[in-house]
Amino acid sequence: MSSSTPKHVQLADLLREKIYSKQWAVSSRIPSEHDLMSLFGVSRGTVRRAIKSLVDEGLLVQRHGRGTFVAKPEITHPAGMRPLSFAESLKQQGKDYVTHVIERRVTKAPADVARELGLETTDNVLLLRRLRTVDGEPVLCQESWSNLRACPGLDEVDYATTSMFDAVEMCSGKKIRYSDMRYRARVAGKEHGRMLGCEESAAVLVLEQNIHLENGVAIEWSSTWLTPGQAIVSKAYQPEYPSDWAHQ
């Protein structure tokens, strides 16, 4: 390690590559701090900072009295043709979660929100920011803009106890049908890092959804920030082609 890059960053890069290349298997115990110090010729402080970076990324997990292990995603969320309800996903995995309402207000639709929801900038929308925790630890934060024209009364719901999907169907009298989804890799940044309990430089997955009712009306535009180590999972099927394509 001789470049101008800080030693703990270089070490984190080396350890990360061992995980990505499967040299260290999921759930396996990595070498001890002392072993890493000897192996790479670095100080204990450098080892600890490197490990903390990978813990913040969700690649490692520390277990008191047992050591540091390669993490496996403990929470996964299904992706498919239906809109993705994180509340329902957590319930199906038996996760006892708590919803904390960080911000909730009715405001005029900003221009980009109006465009996504098919509204005018003079229309009122509900801005809602929530943080969900499992066993006291943050797992995701959500920021959503909701169409009050199509869903009157949505601003009066208790979102600490009711999911947005349930509230929408209750207030609109219609079923949620589909969503346009976009996944983005983002750096957490200072504010989201604070809420998610990770370093502001940590890479996180952000899901953006534009959710529609059964009549096609856009009801919600939301962004969900997931803590490091979570995954969106789905099945993919190879399309069936005519047999004479097989050898082309």
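A salt bridge is a side-chain nitrogen of Lys or Arg within 4 Å of a carboxyl oxygen of Asp or Glu. The exercises below apply to a predicted model.

**Exercise 1.** Find the salt-bridge partner of Arg44 and state which helices the pair links.

*Solution.* 
- Step 1. The partner is Glu33, with 2.9 Å from N to O.
- Step 2. Arg44 belongs to helix α3 and Glu33 to helix α2 (residues 33-40); they are 11 residues apart.
- Step 3. Relative accessible area is 35% for Arg44, which is partly exposed. Glu33 is partly exposed at 22%.

**Exercise 2.** Describe the salt bridge between Arg16 and Asp13, and classify each residue as buried, partly exposed or exposed.

*Solution.* 
- Step 1. The closest N and O atoms of Arg16 and Asp13 are 2.7 Å apart.
- Step 2. The two residues are three apart in helix α1, so about one helical turn separates them.
- Step 3. Buried means under 20% relative accessible area. Arg16, at 15%, is therefore buried, whereas Asp13, at 41%, is partly exposed.

**Exercise 3.** Work out how helices α1 and α3 pack, and list the residues that make the contact.

*Solution.* 
- Step 1. Helix α1 covers residues 7-20 and helix α3 residues 44-56. Their axes are 8 Å apart, at an angle of about 50°.
- Step 2. That angle makes α1 and α3 oblique to each other, and their crossing is right-handed.
- Step 3. From α1, the contact uses Lys7, His8, Leu11, Ala12, Leu15, Arg16 and Ile19. From α3, Thr46, Val47, Arg49, Ala50, Ser53 and Leu54 take part.
- Step 4. Sorted by class, the contact of α1 with α3 comprises seven nonpolar, three polar and three charged residues.

**Exercise 4.** State how many salt bridges the structure holds.

*Solution.* The total is 13 salt bridges.

Technical notes: Residues are numbered from 1 along each chain as its sequence is written. This is a predicted model: local features need pLDDT of at least 70, side-chain atom pairs count only at pLDDT 80 or more; totals for chains, interfaces and linings use all residues. Side-chain values use heavy atoms; hydrogens and water are left out. Axes are lines fitted to C-alpha atoms, for helices over the stretch in contact, and angles run from 0 to 180 degrees between N-to-C directions. Helices (H or I, at least four residues) and strands (E, at least two) are DSSP runs, numbered from the N terminus. Angles under 35 degrees count as roughly parallel, over 145 as roughly antiparallel, 65 to 115 as roughly perpendicular and the rest as oblique. A crossing is left-handed if the near helix is turned anticlockwise from the far one by less than a right angle, and right-handed if clockwise. Contact means heavy atoms within 4.5 Å. Ala, Val, Leu, Ile, Met, Phe, Trp, Tyr, Cys and Pro count as nonpolar, Asp, Glu, Lys and Arg as charged, and the others, Gly among them, as polar. Buried means under 20% relative accessible area, exposed over 50%, partly exposed in between (1.4 Å probe, protein chains only).
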